[in-house]
Amino acid sequence: MIMKDRRYGFITPENRDTEIRTLDQQQISGYGVGIVYIETVNYPLVPGNVVNAYTYDFPVRMAPVKNLTGPRLFEADPDIKYDIIDAAKHMVEKEGVRAICSACGFFGNYHQEVAAALDVPVALSSLVQIPWIRMLLKPGQKIGILTASGVNLDEKLFHNCGIDNIDDIVYKGLENSKEFSAVTRMTGHFDNRVAREEVVSAAVELATENPDMGAVVLECSDMPPYAADIQAAIQLPVFDFITLIKWLHNAVMQKPYSGWM
């Protein structure tokens, strides 16, 4: 569906001298991707984190989901979907965002319902990348997942992210780690060096246990700060929320090319 009166394109000095319309009651503009996040969190949001604006070299819009806590999201409380839809719709209809993402892989439990409610692309979990990552790999290669909570990584989550066959998926959870688990325990602090070492060690263990693994997906929005370290340690492609958000941004915010011939 094309949203009435939406200007969809890059404004340049050559095409700016024309009538320009906006969405009814649109309040701000210039954002390609909108990110919904847990309203109540208590841990450091370092650069590379999905909700640290310095992570991006383009503007992103962020909105909390009212009354949403970590436990409600991890346990897939069915009532959350209405608040997620409200937050996402506001960004789309009043703030002009052109795609919706999130700041936790477990938002994926609501991916299909939210996608059905909106008129823009929706990718609520980094796990939605798995079907096309599969197409990139040799037959028989596995896809590894690092997650903040392995106990909550279940078939319902996979199904809602478009993954019905999990035979080629292996994962490791960090819910029992000393420092990184601060992102689920909400302690308000962690030793960033130790947290990085824990995440990288988990990736190395996963790769060692699965020598046929061809790529890794980071479920958690707090893991991208360590993606480069993970890749250096296991020498495999690493996909995360940032690869997803950049992909969405590039798709909905295309710019014209110019230059010398």
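Q: Does R134 count as buried, partly exposed or exposed at its relative accessibility?
A: In this predicted model, R134 has a relative accessibility of 25%. Buried would require a value under 20% and exposed a value over 50%, so R134, at 25%, counts as partly exposed.

Q: Which side chain meets that of R134 in a salt bridge?
A: A salt bridge needs a side-chain nitrogen of Lys or Arg within 4 Å of a carboxyl oxygen of Asp or Glu. The N to O distance for the pair that includes R134 is 2.7 Å, and the partner of R134 is therefore D168.

Q: How many residues apart in sequence are the parts that R134 and D168 tie together?
A: The side chains of R134 and D168 meet in a salt bridge. R134 lies in helix α4, whereas D168 lies in the loop between α5 (155-160) and β5 (169-173), so the pair ties together parts whose separation in sequence is 34 residues.

Q: Does D168 count as buried or exposed?
A: The relative accessibility of D168 is 17%. Because the cut-off for burial is under 20%, D168 at 17% counts as buried.

Q: In which strand is K172, the residue paired with E205?
A: E205 forms a salt bridge with K172, and their closest N and O atoms are 3.7 Å apart. The pair links distant parts of the chain, 33 residues apart, with E205 in helix α7 (residues 192-209) and K172 in strand β5.

Q: What is the relative accessible area of K172?
A: Of the two partners, E205 is partly exposed, with a relative accessible area of 40%. K172, by contrast, is buried, and its relative accessible area is 18%.

Q: In which helix do both E197 and R193 lie?
A: The side chains of E197 and R193 meet in a salt bridge, at 2.9 Å from N to O. E197 is partly exposed at 39% relative accessibility, and R193 is likewise partly exposed at 44%. The two residues are 4 residues apart, about one turn of the helix, and both lie in helix α7.

Technical notes: Residues numbered from 1 in each chain as written. Predicted model: local features only at pLDDT ≥ 70, side-chain atom pairs only at ≥ 80, totals over all residues. Heavy atoms only, no water. Buried < 20%, exposed > 50% of the residue type's maximum accessible area, 1.4 Å probe, protein only.
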